[in-house]
Amino acid sequence: MNREEDIIGENHIATSAVTPLRADAFDKSVDEKIAKIEEHVREILLTLGLDLTDDSLKGTPKRVAKAYVKELFGGLLPERKPSASTFNNSYHYGEMLVEKNIVVYSTCEHHLLPIVGRAHVAYISNGKVIGLSKMNRIVEYYAKRPQVQERLTLQIVQEMQNVLGTDDVACIIDAKHLCVNSRGIKDIESSTVTAEFGGKFKDPEVRKEFLEYIKLDTRFH
């Protein structure tokens, strides 16, 4: 690893707002990808000195491969992308709509360790509305890939803008990175907050309203 790669990885610096994919990213089928990753995971575990004939370990390469392709990195499968169905705002709701505390499970692309946190997404309708669960699915789709938090925040906003046909979308993510919490500096208390404000959300008063909604205690007691 050269010095520049080391600096980027240790400081968790994003280099692109688009997930860096190769041109042949979708040439292999899901089963082919699982089989290939299984081979490599097996070699990693053998290199570490583990005995893969042990009952607890012998299925690990296949389990890891399936988890990578179908779960942890399922957002790299185009067929997993949520459908972009919207509805007319027939009841003429013109205020801000906020979906808060959406659980985020992602994976840092620098060390392949978990990112765990919450996303708060908001938009102001210009004539179209989207189902509430679809907002969660958009967050999940872009989270389920090797990520940096800044890119994830941007991708959520850009997808919502494309679906709704408006710039008036915002997203804030507050998350813990295990590559910071469990290795390196090992700071278990710190979290990372990123935000992207589009359209009307660039207005300080609109942004303030969004932040006030996030602070509301909406937990069931």
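User: Which side chain meets Arg-42 in a salt bridge?

Analyst: This is a predicted model, in which local features need pLDDT of at least 70, side-chain atom pairs count only at pLDDT 80 or more, and totals for chains, interfaces and linings use all residues. Residues are numbered from 1 along each chain as its sequence is written, and side-chain values use heavy atoms, with hydrogens and water left out. A salt bridge is a side-chain nitrogen of Lys or Arg within 4 Å of a carboxyl oxygen of Asp or Glu. At 3.6 Å, N to O, the partner of Arg-42 is Glu-38.

User: Which helix holds both Arg-42 and Glu-38?

Analyst: Helices (H or I, at least four residues) and strands (E, at least two) are DSSP runs, numbered from the N terminus. Arg-42 and Glu-38 are four residues apart, about one turn of the helix, and both lie in H2 (residues 30-47).

User: Is Glu-159 buried or exposed?

Analyst: Buried means under 20% relative accessible area, exposed over 50%, and partly exposed in between (1.4 Å probe, protein chains only). The relative accessible area of Glu-159 is 9%, so Glu-159 is buried.

User: How many residues apart in sequence are the parts that Glu-159 and Lys-81 tie together?

Analyst: The side chains of Glu-159 and Lys-81 meet in a salt bridge at 3.6 Å, N to O. Glu-159 lies in helix H5 (residues 149-164) and Lys-81 in the loop between helix H3 (60-72) and strand E1 (87-88), so the separation of the parts is 78 residues.

User: How many salt bridges does the count come to?

Analyst: One of them joins Lys-215 and Glu-212, with the closest N and O atoms 3.5 Å apart. By the 4 Å rule, the count comes to six.
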